[in-house]
Amino acid sequence: MTSTPKTLGEFIIENQSSFKYTSGELSRLINSIRLAAKVVNHEVNKAGLVDIIGNAGDTNIQGEDQQKLDVYANNKFIQTLTKRNIVCGIASEEEDDFISINSQDTNNQNKYVVLIDPLDGSSNIDVNVSVGTIFSIYRRVTPVGTPVTIEDFLQKGSDQVAAGYVVYGTSTMLVYTTGHGVNGFTLNPAIGTFYLSHPNMTFPENGNIYSVNEGNYIHFPQGVKNYIKYCQEEEGDRPYTSRYIGSLVSDFHRNMIKGGIYFYPQTSKDKNGKLRLLYECNPMAFIAEQANGKASDGKNRIMDIKPTELHERVPFFCGSKNMVEKAETFM
Ligand code: AHG
Ligand code: MN
Ligand code: MN
């Protein structure tokens, strides 16, 4: 007989003592993200019914305005974290500026800020392909009890306290790290509970998948073109197989399980590529490193970059360690 699987709630409680600061605040924060993820999951699952229940901008049968899913997800995460009085600040890919949370009850005693990509891979919603949510958590650097400032958000990835993602796929999973390895939890939608299904997730050191939008090939620097040709050459375990969903979360998740590299390089049009350092690259880099993988901008470790603005972009190479190191030799 198999033993009862551990729930995410149980896992959070059991691991609370391994955090550096054990006030329980980080546990409550992860619990809030779990809650918001379930609500967003419910909405994402209904996306295919949009022709029946109404489009963004329409009014639904209850008289509520229908929202685009990325706006909906953004509002849900912000509402949950604000109302439950868990953090002192939030920055979101969907917001121009960061949000400072002034709680009357606690006199703003919260220590953590959250950075979030509420819906990643949004171009895949309308076609029933996996999307995700990415989050990143830091301790504020300015004094507790004062309003947060931009400095609280522009921290290096190496200062992250926790990071994770939710993938709304064939199953919905929440995968996160607090710096003690990476664990994955699968939602049982019948009862709304996440179970520990993937303990201690790790990237295989080598893999045979490369994930890149090759439609941009003509605009890539020569080093990237050469690396793509290397992936396609017949030699040893090559050619690799090409897999690109166009949702970073889903591409990363598959590569972590099977072994592979994801890259979104600079192009002649966008000198820093497309992905955002704070909402996408840093959290995925933290998870990758915690799972024995690697994340780089082609030359340097992603988590060593000192951000200068909230919506900064960066070239991104991430996945199985040996594959990322090989790609770097081409840059
Ligand atoms: P978002 O939906 O949050 O804007 O992010 C989309 C990102 C990432 O998830 C994905 O890997 C990449 O953009 C796809 O970009 P291309 O369509 O240019 O390949
Ligand atoms: Mn995204
Ligand atoms: Mn997004």
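1. Let's start at Asp117. Its relative accessibility is 0%, so Asp117 counts as buried. Keep in mind as you read that this is a predicted model. Asp120 counts as buried too, because its relative accessibility is 5% and the cut-off is under 20%.

2. Now for the metals. Which residues coordinate the manganese ion (ligand 2)? They are Asp117 and Asp120, each through OD, and Glu280 through OE, at 1.8 to 2.2 Å. Along the chain, the donors of this ion follow the spacing D-x2-D-x159-E, so look for Glu280 well down the sequence when you trace the site, because x159 stands for the residues between it and Asp120.3. The manganese ion (ligand 3) has its own protein donors: Glu93 (OE), Asp117 (OD) and Leu119 (O), lying 2.3 to 2.5 Å from it. Their spacing along the chain reads E-x23-D-x1-L. What do the two sites share? Asp117 coordinates both ions, and the manganese ions are 3.7 Å apart. Leu119 is buried, as is Asp117.

3. As background, nonpolar side chains tend to be buried together in soluble globular proteins.

4. Leaving out residues up to four places away in sequence, Tyr168 touches Leu119, and its other contacts include Ala37, Val40, Val44, Phe77 and Val131. Asn41, Ser130, Gly132 and Thr133 are also among the residues it touches.

5. On to the rings. The count comes to 14 aromatic pairs. One of them is Tyr165 with Phe252, an edge-to-face pair at 5.8 Å centre to centre, with 80° between the planes. Tyr165 sits in strand 5 (residues 162-168) and Phe252 in helix 6 (residues 248-258), 87 residues apart, so this pair links distant parts of the chain. Are these two buried or exposed? Both Tyr165 and Phe252 are buried.

6. Tyr244 and Tyr262 make a stacked pair, 6.2 Å centre to centre and with 25° between the planes. Tyr244 lies in the loop between strand 10 (241-242) and helix 6, while Tyr262 is in strand 11, so the pair ties together parts that are 18 residues apart in sequence. Tyr244 is partly exposed, at 30% relative accessible area, whereas Tyr262 counts as buried at 3%.

7. There is also a ring cluster: ring pairs link Tyr227, Tyr230, Tyr240, Phe263, Phe317 and Phe330. Arg238 lies over the face of Tyr230, at 3.7 Å from the ring centre. Tyr227 and Tyr230 are among the buried residues of helix 5 (residues 222-232), along with Gly223, Val224, Lys225, Ile228 and Cys231. What do the buried residues of helix 5 pack against? They meet strand 9 (209-211), strand 11, strand 13 (316-320) and helix 8 (321-330).

8. Last, a look at the surface. Lys271 is found in the loop between strand 11 (260-264) and helix 7 (277-290). Why does Lys271 count as exposed? Because its relative accessible area is 66%, and exposed means over 50%. Not counting residues up to four places away in sequence, Lys271 touches Gln266 and Pro315. Lys271 and Arg313 are 42 residues apart in sequence, with their C-alpha atoms 9.0 Å apart in space.

Definitions and conventions:
Residues numbered from 1 in each chain as written. Chains lettered and ligands numbered in written order. Predicted model: local features only at pLDDT ≥ 70, side-chain atom pairs only at ≥ 80, totals over all residues. Heavy atoms only, no water. Donors = N, O, S within 2.8 Å, 3.2 Å for Na, K, Ca; no water. Buried < 20%, exposed > 50% of the residue type's maximum accessible area, 1.4 Å probe, protein only. Contact = heavy atoms within 4.5 Å. Helix = DSSP H or I, 4+ residues; strand = E, 2+ residues; numbered from the N terminus. Phe/Tyr/Trp six-rings, centres within 6.5 Å; stacked < 30°, edge-to-face > 60°. Lys NZ or Arg CZ within 6 Å of the ring centre and 35° of its normal.
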